[in-house]
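Please read the points alongside the sequence and the coordinates.

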Amino acid sequence: MNLNKVFENNKKWISGKLSEKEDYFEELGKGQSPELLYIGCSDSRVTAEDLMGMGPGEVFVHRNIANMVISIDLNAMSVVNYAVEHLKVNHVVVCGHYACGGVKAAMQSADLGILNPWLRNIRDVYRLHKNELNAIENEDKKYDRLVELNVQEQCVNLIKTAAIQKAYRDRNLKVHGWVFDVHTGKLIDLEIDFEGILKNIMEIYHLD
Ligand SMILES: [Zn+2]
């Protein structure tokens with residue numbers, strides 16, 4: 001891969017933006033006020049802004065292997081905190097995707113070194129939903145369902161944080177779980193029952 005291409009592309013991108021709007025970069029330089037925090041997978045096929053048709057300044061993005069929200073991950077927790085408390089986003093999305101390599105790896109018996117502790121969080125999701133998953137005979141369907149359940153559990157992990165609980169109470173912030181189907185390009189809303197989950201878990205996780 002010739003990286004010079006990247007800089008050529010960048011020049012073309014700049015002229016494209018300027019031809020649309022003369023003061024595009026002056027405006028961009030003034031600051032950001034995204035309304036959405038997107039937490040997705042690092043997978044190169046699942047391009048956050050592109051698949052949502054959003055541009056610079058419109059979405060605050062965090063990506064890691066298998067779109068995880070782990071309470072001791074300083075990186076993810078800083079992103080959530082900054083987006084919710086400072087940028088005041090009103091929507092937080094966890095977006096998983098079918099054919100996720102991270103989820104697949106967590107379904108197999110293999111020692112993957114430093115990835116083990118990360119992927120163990122997905123094995124924990126499997127354990128929580130073992131009965132449902134083990135009842136699915138078709139391996140591909142089981143894999144797809146684990147992708148969805150992992151998104152759901154990461155939404156639950158968001159709801160366990162003080163920042164999300166406060167923003168929900170003060171300004172009705174919403175958490176959403178989505179899945180991107182890499183086979184069709186379709187974005188699917190899992191319609192996770194935010195209110196129901198809150199009712200169910202707040203007894204235990206209430207912080208503020
Ligand atoms: Zn993935």
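1. A crossing is termed left-handed if the near helix is turned anticlockwise from the far one by less than a right angle, and right-handed if clockwise. By this criterion, the crossing of H4 and H9 in this predicted model is left-handed.

2. The contact is formed by Val80, Asn81, Val84 and Glu85 on the H4 side, and by Ala163, Ile164, Lys166, Ala167 and Arg171 on the H9 side. Classified by residue type, the contact of H4 with H9 comprises five nonpolar, one polar and three charged residues.

3. The axes of helix H4 (residues 74-86) and helix H9 (residues 162-171) approach within 9 Å and cross at roughly 20°. Angles under 35 degrees count as roughly parallel, and H4 and H9 are therefore roughly parallel to each other.

4. A zinc ion is coordinated by Cys41 through SG, His97 through NE2 and Cys100 through SG, at 2.1 to 2.3 Å. The sequence spacing of the donor residues of the zinc ion is C-x55-H-x2-C.

5. Are histidine 97 and cysteine 100 buried or exposed? Buried means under 20% relative accessible area; histidine 97 counts as buried because its relative accessibility is 1%, and cysteine 100 counts as buried, also at 1%.

6. As to the overall fold, the protein has ten helices and five strands, and its C-alpha trace spans about 55 × 45 × 30 Å along the principal axes. Of the 208 residues in the protein, 40% are buried. Among contacts with a separation of 6 or more, 65% are between residues 24 or more positions apart.

Methods: Residues numbered from 1 in each chain as written. Predicted model: local features only at pLDDT ≥ 70, side-chain atom pairs only at ≥ 80, totals over all residues. Heavy atoms only, no water. Axes fitted to C-alpha atoms, helices over the stretch in contact; angles between N-to-C directions. Helix = DSSP H or I, 4+ residues; strand = E, 2+ residues; numbered from the N terminus. Parallel < 35°, antiparallel > 145°, perpendicular 65-115°, else oblique. Contact = heavy atoms within 4.5 Å. Nonpolar A, V, L, I, M, F, W, Y, C, P; charged D, E, K, R; others polar. Donors = N, O, S within 2.8 Å, 3.2 Å for Na, K, Ca; no water. Buried < 20%, exposed > 50% of the residue type's maximum accessible area, 1.4 Å probe, protein only.
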